[in-house]
Amino acid sequence: MILPPGDRRFRGTLARVGRAVASREASGRMKGHKTRNAVVLALGAVGLSACQLPNFGGYRGSTAQGYDTHELYAGAVIAAIVVGVLVFALITWSVFRYRARPAKGGDASIRMPRQFHDNPVLEIVYTVVPVIIVGVLFFFTVLTENNVDAVSTHPYASIKVTAFQWGWQFNYQGEGVQIIGNDVTQQYPQMVVPTGKTVRITLVSNDVVHGFYVPAFNFSRYAQPGIVNLFDLTVTHSGVYRGQCTQFCGLYHSEMVFTVKAVPAAQYQSWLRAEQANQADHPSQAPPPLQPSSKYHIQYGY
Amino acid sequence: MTITQERAPGAAGAPFAGEVLPDHDEGPSGLLKWISSTDHKVIGKNYLYTSIILFFISGIMAMLIRAQLSQPNSSLISFQQFNELFTMHGSLMLYLYAGPFAFGGLANYVIPLQVGAPDMAFPRLNALSYWLYLSGSIIMVSGFLTAGGAASFGWVGYAPLSSVTNSPGTGPDLWIIAIALTGFSAIFTAVNLITTIFYLRAPGMTMFRLPIFTWNMLVTAILILIAFPVLTAAMVMLFADRHFGTHIYSVAGGGVPLLWQHLFWFFGHPEVYILALPYFGIVTDILPTFSRKPVFGYKGMVFATMAIAGLSTGVWAHHMFTTGAVLLPFFSLLSFLIAVPTGIKFFNWIGTMWRGQLTFKVPMLFAIGFLFAFLMGGLSGVLLASPPIDFATHDTYFVVAHFHQVLFGTAVFAAFAGFYYWYPKMTGRMLREGLGKAHFWVMFIGFWLTYVPQYVLGLRGMPRRIAVYPSGLGWTFMNQLSTIGASIIALSFLFMLYNLWVSWAHPIPAGDNPWDAGTLEWWASSPPLHHNFVNLPRIRSERPVWDANHPEHDKAHRPSAIARMAAMSANGQTGGNGHAGGNGQAGDGTTGSPGSAGAH
């Protein structure tokens with residue numbers, strides 16, 4: 001049920017980056033920075049085409065957005081490892097190399113080291129170099145962030161996700177289809193989405209703060225009372241992905257599970273038609289729509 | 001109190017053999033002393049004992065949580081119990097242990113000694129702080145005794161989960177009241193520390209001769225004054241929402257639940273540094289002592305501390321990246337930038353050890369353990385400062401692993417480094433080295449085994465604060481490793497308890513300065529007299545006791561005219577153990593004339 005993280009390990013990075021860019025452009029998500037992002041991605045792809053970026057325990061991301069996050073994560077981890085190994089080595093070297101030795105002449109007392117206490121040039125160097133490192137990290141963060149948070153003007157499908165204690169409702173807007181499930185039924189609700197298409201998620205909460213999180217998408221967002229959050233998902237790979245509430249929301253927080261099933265667009269359409277007919281034929285089985293508890297809603301979206 | 005009187009040769013703050021020094025303590029003894037004292041040392045020890053007991057209680061809760069998570073679909077404890085346990089584990093550790101241990105316990109005890117003061121500036125306010133803290137602690141823990149159980153909405157108490165509708169009962173109210181009370185306790189202690197450091201420094205103790213621990217506590221105290229009033233106010237408003245019909249955090253009445261997150265994290269992120277900076281200070285005091293060198297880059301350390309404090313007031317919303325309602329680049333950049341002063345500190349710590357003569361006594365081991373722990377916790381923190389990476393890992397065990405590594409590094413490794421370091425000063429007894437080293441190594445192994453698997457769990461998508469998880473997700477084995485690691489950590493503290501017992505039953509006298517340390521508290525006797533000092537050494541650097549004990553290195557250290565004078569007057573005296581007394585006291589203008597002693 002969970003997509004294995006390394007399924008695409010042996011495919012070419014270059015091809016995938018190109019595909020990710022293409023799929024984003026096709027979906028019309030990218031409003032600006034198109035050329036610049038493509039250039040940066042291309043440069044990154046050329047630099048890394050010889051080797052696949054390792055995933056360092058994380059998901060490679062089954063959405064276009066999640067894949068961008070994976071690349072940022074992998075790059076940042078590499079930087080962290082370089083810095084970490086350097087500092088680790090310096091500490092370890094100090095500990096082993098400068099352990100106390102007896103003073104000369106068989107005296108039991110410890111030798112006295114030179115009492116130096118600063119080195120301004122060195123101190124300036126190790127102030128400036130970290131500034132540059134975090135500057136570079138910040139630059140790539142902003143690029144990725146703009147991709148991940150970009151919201152298209154013409155999404156292929158639009159789903160309103162309502163989180164409540166303790167379950168989820170998926171409302172296919174304009175299609176008259178609703179999916180609902182909660183902790184009592186133990187029937188985890190499943191959101192069916194098309195692959196390769198941009199899906200708009202409108203995220204709200206009916207009661208307390210919840211977290212919409214799909215690990216394989218490398219993405220989470222709070223569902224909050226009083227706030228409407230918008231974001232896009234472009235699932236690139238078919239499969240069933242497990243999702244779960246991440247923000248602690250009360251007694252049965254652990255049971256607030258859902259799944260996302262990504263299928264090709266044609267299959268998605270036939271599922272949608274079947275579900276429409278089903279829910280029209282059996283209106284009593286369709287759960288009543290949940291209404292957020294207040295008129296005071298603020299719309300956000302990065 | 002005669003600070004600048006001539007010392008008898010060979011005597012320091014401690015009584016010379018056969019000599020009876022005036023001790024101004026005319027208060028009661030026994031239990032009444034612990035209850036009624038306004039002496040900063042007694043109050044400091046009260047704080048230490050109370051906070052360590054709460055640390056153990058909270059640690060037992062952590063063990064229950066880990067036991068529950070060691071198996072998929074575990075039913076060892078109920079959902080409600082699990083939720084109460086992690087809420088109280090976090091609350092006890094963060095509100096009642098990590099902070100009070102540092103700024104209530106160690107700082108209270110050590111800072112008047114380090115600045116050469118007889119007591120805190122406001123001794124009775126100090127006592128009030130402790131009693132507020134103790135009352136708050138009892139009130140919070142007593143939530144378990146109520147019918148509805150203790151608070152169960154996480155230590156962050158997000159609105160509207162903490163509303164009276166979603167979390168009815170007395171337990172949450174007790175939690176709110178406890179935090180308001182301990183908030184006032186922290187504010188009073190901060191006022192006390194700032195006043196003490198600004199106004200009660202001994203003659204010659206300029207700001208740039210303060211030990212780094214004192215500097216860090218000063219900056220911490222200022223951060224407390226920035227952060228804790230906001231928390232206390234937020235708690236009062238939450239209480240009003242629950243009981244007085246206000247709608248500050250409820251959507252139904254036109255309130256804004258998100259406001260809670262802003263207010264809480266405006267406290268909460270400075271709080272992270274309120275918990276970290278004192279422990280950085282402890283490490284910065286310990287590393288020079290056991291490297292036999294002055295701290296490297298003293299002023300860089302001070303400015304880095306200030307930079308961390310300044311930046312920490314502008315990064316609160318990095319806890320709210322996934323709300324969709326904060327300005328990502330701003331909070332991301334400021335969060336990234338905190339890595340810079342923290343990095344400066346790391347390199348300064350390495351520079352302090354560089355070309356030193358390192359001895360690995362127990363406090364030094366714990367301090368080096370802190371360096372490794374904080375290195376990994378800090379680096380994963382830099383990753384989390386990037387919003388897209390935060391989206392992928394927010395509220396998962398990746399974050400849990402990150403902040404536990406950071407907080408375990410500071411509030412456990414560095415905290416117990418400080419405990420082992422100052423224990424001889426507080427009690428006059430040594431702890432056993434072998435038991436201390438066993439404590440360190442067992443805990444060090446347990447630490448990595450507990451938290452590294454949690455990073456993996458987070459990356460594999462395990463959310464935090466879930467009471468059960470199904471099998472088949474690949475989470476079981478890592479959870480089991482983590483539980484084994486936590487058990488090892490718990491085991492390591494048995495060595496410490498046994499060590500305390502041995503030191504109590506079979507004391508080994510510590511002497512005034514067992515580590516050959518340089519800061520002023522090591523001039524006083526162990527334990528110090530009621531008003532700390534009978535006399536003080538000349539203070540011409542950030543380690544006056546070192547200067548007095550090692551006059552031959554004084555010149556190399558500070559080749560100023562005063563240092564040359566001191567070296568000349570110290571000529572003929574050995575710089576070995578014990579305090580080379582009286583050198584250059586008379587006629588040194590910086591130490592102050594006898595007339596200035598009256599001010600203290």
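Mentor: Helix 2, helix 3, helix 12 (397-427), helix 13 and helix 14 of chain B each supply at least two residues of the lining of the second largest pocket. This is a predicted model, in which local features need pLDDT of at least 70 and side-chain atom pairs count only at pLDDT 80 or more, while totals for chains, interfaces and linings use all residues. Residues are numbered from 1 along each chain as its sequence is written, chains are lettered from A and ligands numbered from 1 in the order in which they are written, and side-chain values use heavy atoms, with hydrogens and water left out.

Trainee: What makes a space a pocket, and which residues lie nearest the centre of the second largest pocket?
Mentor: On a 1 Å grid over the protein atoms alone, a pocket is an open set of points with protein on both sides within 12 Å along at least five of seven lines, whereas a cavity is a set where a 1.4 Å probe fits but cannot get out; lining residues have an atom within 4 Å of a point. The second largest pocket holds about 890 Å³, a volume being the space filled by probe spheres set on points joined across faces, edges and corners. Its lining has 37 residues, and Ala62(B), His89(B), Met93(B), His404(B) and Tyr451(B) lie nearest its centre. Helix 2 of chain B gives the largest share of that lining, 9 residues.

Trainee: How many cavities of 30 Å³ or more are there by this rule?
Mentor: The count comes to 7, and the largest cavity contains about 170 Å³ of space. Among the 18 residues lining the largest cavity, Asp285(B), Pro288(B), Val295(B), Thr519(B) and Arg543(B) are the closest to its centre. Helix 7 (residues 257-291) of chain B supplies the largest share of this lining, 4 residues.

Trainee: Why is Arg465(B) called buried?
Mentor: Buried means under 20% relative accessible area, exposed means over 50%, and partly exposed lies in between, with a 1.4 Å probe and protein chains only. Arg465(B) has a relative accessible area of 9%, and therefore counts as buried. Arg465(B) also has a positive phi of about 60 degrees although it is not a glycine, and is found in the loop between helix 13 (433-459) and helix 14 of chain B. Most residues other than glycine have a negative phi, and most peptide bonds are trans.

Trainee: Which bond joins Ser526(B) and Pro527(B), cis or trans?
Mentor: The bond is cis, with omega about -10 degrees, and Pro527(B) sits in the loop between helix 14 (476-505) and helix 15 (544-549) of chain B. The peptide bond from Ala159(B) to Pro160(B) is cis too, with omega near 5 degrees.

Trainee: How do you know that strand 10 of chain A pairs with strand 9 of chain A?
Mentor: Helices (H or I, at least four residues) and strands (E, at least two) are DSSP runs, numbered from the N terminus, and two strands pair if DSSP finds at least two bridges between them. Strand 9 (residues 239-245) of chain A is joined to strand 10 of chain A by 6 bridges, so the two count as a pair, and they run antiparallel. Strand 4 (residues 190-194) of chain A pairs with strand 10 of chain A in the parallel sense over 5 bridges.

Trainee: What makes strand 10 of chain A largely enclosed?
Mentor: Strand 10 (residues 257-263) of chain A has 6 of its 7 residues buried, so the rest of the structure largely encloses it.
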